[in-house]
Structures are given as structure tokens and as C-alpha cells.
Amino acid sequence: AAKMAARAGGAAVTAARGRGGAPSFQRRGPPGGSRLAAIAGTRPAVRHGQLLLSTGLPSLDSVLGGGLAVGTLLLIEEDKYGVYSHLLFKYFLAEGVVCGHDLFVASAKELPTSILKELPAPLLDNCRNEVGEEAVTVKSEDDSMQIAWRYQNLPKMEASPSTSSRFGHYYDVSKKMSSELLQSVKCHSFFLPEEPSLQPAIKMHNMNCGYARLLQSIQKIIYQEGFDGSHPQKKQKNILRIGIQSLGSMLWDDDICCTENPENAHSITKFLYVLRGLLRKSLSACIITVPAHLIQNKAIMERVTNLSDVVVGLESFIGSERETNPLYKDYHGLIHIRQIPRLNCLICDVSDTKDLAFRLKRKQFTIE
């Protein structure tokens, strides 16, 4: 009787198990155990679980804690002549093209189509870039790292995965991106001089007409293209990369760069407040360049910084004493990390190194 009871119990346990020996009462999740949206060019953060995308510059991604979180705003304080900030702007857009993300380019100075034509070309995986050539050094057997004997005969993992599965890519600034690659993604443009004026009823209180038109255009694309999640079943989820060039300059009909007491002092801050609300509830990320060195009222710049998630300042050596200083002979400027967000945690990802410099090589822009 005891043997029959044991056999019956074993049969019941076997019947209760599904394929692969898993009990039938266990919940089966997606492969890999991740419940985040599987979107090309993104990955979940290790610390806070937020979905990250690359800025187009792997060295900047590592400084920011792995990348730029979806739904956040990256503010770039332009250098004096706007050379390197414009380069970071193009890196961000070029990464979106390679990953297949939709683009929204806004400018009041340069045609968005002209900006897209100047995007750097991505480096192929089978081509050795300058970073790899300088970082990889041939070590002798005596200097090689000693590891356990049982790991020596194991196959090595692929160091450079394919372009489609890799997070963050390298680009060659000496070459332009091909038109075929640009045509593979959907690009939206906003050029302020060519945009029609808003109706008086649509104008927002205490905000100039240029900012109001830009907000209306961004909101229209987010809702119509389904980046707010309103049409999750009709189309595959994708990321919208928003790039706004030289916000706050006189070309945007803003006077914060002209006088210490501007007429619409809260116009740009209200724009950023509404923009962050649109980013938070959509699958989008934004990069904005601001001529911070021209804003005379420092209180306005402090409010702009507080209304941004990530703030990075560029200090170029062009025309300064540091350009001829032997200490900085290998670099072209300094980079200052003003602000990093605290996402789903009490502390932010703070880098151990505070002294960061950048240099523009023949093909690549790097942060060291």
C-alpha cells in the first residue's frame, strides 16, 4: 500500500510539471526574463532598470552611467564657437539613423535637411577604428594576466558584435553618411523661418511664438506617430530622437542672450517644463544645445539647468591661454558634467573621474 501511494504521488507531480520539468503553477515569462519593451538600439540600465539609448558617443555614455534614459532631456552647453557642441548634436542623430529610430530636427539657423546631410558615417565592424587601435596593445607572455587553468582553453567571446545588436557605435567624422542610410528612417524637420504662424487662440501664456510652434509640432508627431503608446498594437514600438539646435538664441525670438533683464525671462523655462512632460509620457529622448556663455542672467541659466535631466558643458581651448599650455597639448577642451538625474534611486551614477577632457582626432571625437 505504501509503494502504491508513493507511485501515485510521483505520477501526480509528473503530471503537474510542464515541458522542461517546470511546475505548471509557475508563471512563464518572456525569454531572458526581461519585461521591458524590446526596441532596437536600447537596453535596460543595471542600476535603476530604466530603458537607455546611446548618445552616439560611447565615451559619453560611460560618463552618464551607461547612456541616456528614454524620456529624459540632455542639455549641451555650447562651446564658444559652437564647433564641438554641434558635433555632439550630429552624433546623437547619427546614432538614431543607425538604430532605425525616428528623428525630429529643429533649428532656427540651419536647415534641418542640411544638418542631416552632414551626419558622420558609421564605422564598419570589420574596420579597425582609432579607439581600438590605441586601446588594444600587444602584450607579451610574461605580462599577460594570469587566469585559472580551466578557463584558458574555453572559446573567447566575440569582442565586436554585429552592428544591429551592439549598443552604441563609432563614427568617422571625415566621411558623410550615405543617402541610402538616411532614407531608411523617418525624419521630421522644423525650421522656424518657414513655419506658419500660430493662431492667437493657440498661443501659450508667457511663451514666445517660436517656442509655442515648436511645442505644437513635437506634440503632433508624438501623438500622430504613436510614440505616446496610444497605438501599441498597430505598429512596432520605436524611439523618437528629438534634436533642438541653439535654443535660447536671438534666432528663436528670445532676448535672454541680449540683456540681463529680458522681456520674456520665463519663456524658455516654461518651454522646457512642457517639453519634459511630453518626454516623460512617450518613447522619446531629446538633446538641446544652448549658448550658455551668451546668457547674461545667471538665474535664468540655473532654472534651465534645473529643468533639464542631464547637463553637459563644453569648454573649448580655441582662443584661450590653455590652447598653448603644454599640459593640455593633447586635448582640445574640457567637458563638465553639471547634472545627472536620479532615476528610480536615491543617488545618481557619479563617475570616479572628475577631470574630463575631449579631443577631436582625424576621424573621431573622444572623451578622456
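Modeller: Quick term first: two strands pair if DSSP finds at least two bridges between them. Strands are DSSP runs of E, at least two residues; helices are runs of H or I, at least four; both are numbered from the N terminus. This is a predicted model, where local features need pLDDT of at least 70, side-chain atom pairs count only at pLDDT 80 or more, and totals for chains, interfaces and linings use all residues. Residues are numbered from 1 along each chain as its sequence is written, and side-chain values use heavy atoms, without hydrogens and water.

Biologist: OK. How many bridges join β1 to β2?

Modeller: 3, and the two strands run antiparallel. T42 has L53 of β2 as its bridge partner.

Biologist: What is the strand order in that open sheet?

Modeller: β1-β2-β3, with antiparallel pairing. β1 (42-44) and β3 (68-69) are the edges; each has a single partner strand, so one side of each lacks a neighbour in the sheet.

Biologist: New topic. Which residues of α8 are buried?

Modeller: Among them are F271, L272, L275 and R276. Buried means under 20% relative accessible area with a 1.4 Å probe, protein chains only.

Biologist: What covers them?

Modeller: The cover includes α7 (209-224), β10 (284-290) and α9 (298-306). Contact there means heavy atoms within 4.5 Å.

Biologist: And β13, what joins it to β14?

Modeller: A hairpin, through 4 residues. 3 bridges join these antiparallel strands, and L360 stands opposite F365.

Biologist: Which residue stands opposite I335?

Modeller: L356 in β13. β12 (residues 333-339) and β13 (residues 356-360) run antiparallel, joined by 3 bridges.

Notes. Buried means under 20% relative accessible area, exposed over 50%, partly exposed in between (1.4 Å probe, protein chains only).
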